[in-house]
Amino acid sequence: MMCHNPVSGKTMLAERLPSVLPELDDDAAMEVSALHSIAGLMPPGGQLIRRPPFQAPHHTATVPALVGGGSGLARPGAVSLAHRGVLFLDEAPEFGKGALDALRQPLEHGLVRLARSRGAAEYPARVQLVLAANPCPCAKPSGVVTCECSPLTRRRYLGRLSGPLLDRIDVQVTVQPIRAAELTEVAGAGECSAAVAARVAAARAAAAARWSGLGRRINAELPGPVLRRAPWCLPARDTRELRARLDAGSLSARGFDRVLRLAWTIADLDGRDRPDADDVREAIGLRTGEAL
Ligand SMILES: [Zn+2]
């Protein structure tokens, strides 16, 4: 089906992400279904939506399409339709500055607040955000274009993604283009996806059990101060490099907490009780895109 369209690895990776996430629990399924119902997008049959949603708005999408709006009952935007799932912005630097800025508040608060003529409408918007970007404006998914962009052009292109937005990105990876001939091999990797899904489910269960006393379910929901204080703070020897980066200003305070959350997730995925120094290093490497 996709043979004539070379597909970039990043798009395939993003589309597959929901398939390794666990089913939504009852509360989440109710929330997600309600949002889709308001938008008139409930699947026929009316059963609750149990799979984490996936939304991939095009870079020409308007601000209301992204965050919600419209006259009368405000329609939820892509960021709310992706609630408890994945919001994928392909070719992220191509999105308008206004659109990217409009996403900042929902990403920060997990909530969209829309001003209405009478009061305001609020929709949940707790998503895993995935941004994909080519290194420069001339790059094409096929990867056959010879790039003639200057370093300045390249820097400006990625510079369209604002610091506050990038500060919310926990994992940076470089993905090579996939050629049509390789797609068949990738398509045969279904069993691998199932194995990953099982590992994610086990990690989620471990996190939910650990944080249940705090009323949280996943590491991403943990307030930073909780992870920096006993009993959950890590030994100083394990966070030495992390603290050095904070002191040097190469990591923000928000980034510091995000690396800690990611280190817990790495340990959970590996079936261990607590993160160690290697997990923290790996989390720093994933965040910065550096190979550590
Ligand atoms: Zn280029």
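Start by selecting the open sheet: three strands in the order S1-S4-S7, with parallel pairing. As you look around, keep in mind that this model is predicted. Now pick out the edges of the sheet, strand S1 (54-55) and strand S7 (128-131), each of which pairs on one side only. In general, the strands of a sheet pair through backbone hydrogen bonds, either parallel or antiparallel.

Next, zoom in on S1 and S4. Two bridges link this pair, in the parallel sense. Select Gln55 and look across to S4, where Leu87 stands opposite.

From here, step to the loop between helix H4 (78-81) and strand S4 (86-89), and select Arg84 there. Arg84 is not a glycine, yet its phi is positive, at about 65°. Most residues other than glycine have a negative phi. Is Arg84 buried or exposed? Arg84 counts as buried, because it has 22 C-beta neighbours inside 10 Å and the cut-off for buried is 20 or more.

Glu91 is another residue that is not a glycine but has a positive phi, here about 50°. Glu91 has 17 C-beta neighbours inside 10 Å, so it counts as partly exposed.

For the last stop, go to the loop between helix H10 (224-228) and helix H11 (240-248) and select Pro231. Most peptide bonds are trans.

Definitions and conventions: Residues numbered from 1 in each chain as written. Predicted model: local features only at pLDDT ≥ 70, side-chain atom pairs only at ≥ 80, totals over all residues. Helix = DSSP H or I, 4+ residues; strand = E, 2+ residues; numbered from the N terminus. Buried ≥ 20, exposed ≤ 12 C-beta atoms within 10 Å, placed from the backbone. Pairing = 2+ DSSP bridges.
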